[in-house]
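Subject: Structure handover

Hello,

Here is the structure I promised to pass on. Please open it first, then read my notes below.

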Amino acid sequence: RYEDTFDVPGLNFQVGFRRNAGERLLWGEINVNGAAIEPTFVNFSATTVPPPPALKNPFLESTALDLYLDLRNTKVKNELSDMMLEGSSRLYGTFYKPRFQGEIHLLAGGEISVLSREFTITRGRIGLDRLVPTYSILDLAYDPLLLNPELDIEAVADVWNHDEQEETEVVMTLSGTALQSEPVF
């Protein structure tokens with residue numbers, strides 16, 4: 001548990017470290033079940049946090065990564081969302097040039113707020129396969145949007161049509177990279 005933003009009651013892992021002829025490998029599998037994540041997107045009272053230091057460490061530079069992460073029943077709730085996630089990812093490469101492979105699914109029935117309207121998720125996928133190892137793990141922990149994953153999300157909302165005096169279903173799709181996609185209605 002980390003303050004009120006992160007709670008993982010079901011965490012199982014097996015992690016190891018191996019060294020062969022000057023090569024180092026951090027390997028393992030991490031299973032997360034029933035996590036609750038409540039990130040705050042808007043905090044008007046927070047001061048600006050400086051970016052992480054440009055840390056260089058010879059030990060970390062020469063250590064390869066081969067870690068698997070499995071997420072089950074993960075709840076994400078904040079000002080803009082109330083949804084459940086599941087998926088898996090592989091983290092490999094190095095601390096300074098990590099690579100990701102895998103995907104996360106937004107389970108149907110969750111809600112996201114767009115333009116002050118609640119949309120119910122009908123399908124959602126966050127793809128991690130196309131990520132380029134440009135940032136260190138420290139940079140990504142500081143700003144996860146640097147991952148810029150591929151999005152494929154669809155959600156619906158019933159909107160009252162005043163002209164026709166009836167409700168109309170509005171479908172919103174979000175497709176493309178996280179930093180460049182725009183909702184289409």
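**Salt bridges**

Asp70, Arg72 and Glu86 are linked in a network of salt bridges. A salt bridge here is a side-chain nitrogen of Lys or Arg within 4 Å of a carboxyl oxygen of Asp or Glu. The model is predicted: local features need pLDDT of at least 70, side-chain atom pairs count only at pLDDT 80 or more, and totals for chains, interfaces and linings use all residues. Residues are numbered from 1 along each chain as its sequence is written, and side-chain values use heavy atoms, with hydrogens and water left out.

The structure holds seven salt bridges. In one of them, arginine 72 pairs with glutamate 86, and their closest N and O atoms are 3.9 Å apart. Arginine 72 lies in strand β5 and glutamate 86 in strand β6, so this pair ties together parts 14 residues apart in sequence. Helices (H or I, at least four residues) and strands (E, at least two) are DSSP runs, numbered from the N terminus.

Arginine 90 and aspartate 66 also meet through their side chains in a salt bridge (2.9 Å, N to O). This pair links distant parts of the chain: arginine 90 is in strand β6 and aspartate 66 in strand β5, 24 residues apart. Arginine 90 is partly exposed at 23% relative accessibility. Aspartate 66 is partly exposed at 22%. The cut-offs are under 20% relative accessible area for buried, over 50% for exposed, and partly exposed in between (1.4 Å probe, protein chains only).

A further salt bridge joins the side chains of aspartate 82 and lysine 75 (2.9 Å, N to O). Aspartate 82 is partly exposed at 29%, and lysine 75 is partly exposed at 33%.

**Overall layout**

The protein chain has two helices and eleven strands. From the N terminus on, they run β-β-β-β-α-β-β-β-β-β-α-β-β. Of its 185 residues, 28% count as buried.

Confidence is given as pLDDT, the predictor's confidence in each residue, from 0 to 100. The chain has a mean of 85, and 87% of its residues reach 70 or more. Among the elements, helix α2 (residues 137-142) has the lowest mean, 77. Strand β9 (residues 117-127) has the highest, 95.

**Core**

The largest nonpolar core has 26 residues. Such a core is a set of buried Ala, Val, Leu, Ile, Met, Phe, Trp, Tyr and Cys residues joined through side-chain atoms within 4.5 Å. Those with the most contacts inside this core include Met83, Phe119 and Ile126. Strands that each supply at least two of its residues include β5 (63-77), β6 (81-94) and β9.

Leaving aside neighbours within four places in sequence, isoleucine 126 is in contact (heavy atoms within 4.5 Å) with residues including Gly102, Leu106 and Leu151.

Serine 116 is exposed, at 78% relative accessibility.

Asparagine 148 is in the loop between α2 and β10. Asparagine 148 also has a positive phi, about 50 degrees, and is not a glycine. At 24% relative accessibility, asparagine 148 is partly exposed.
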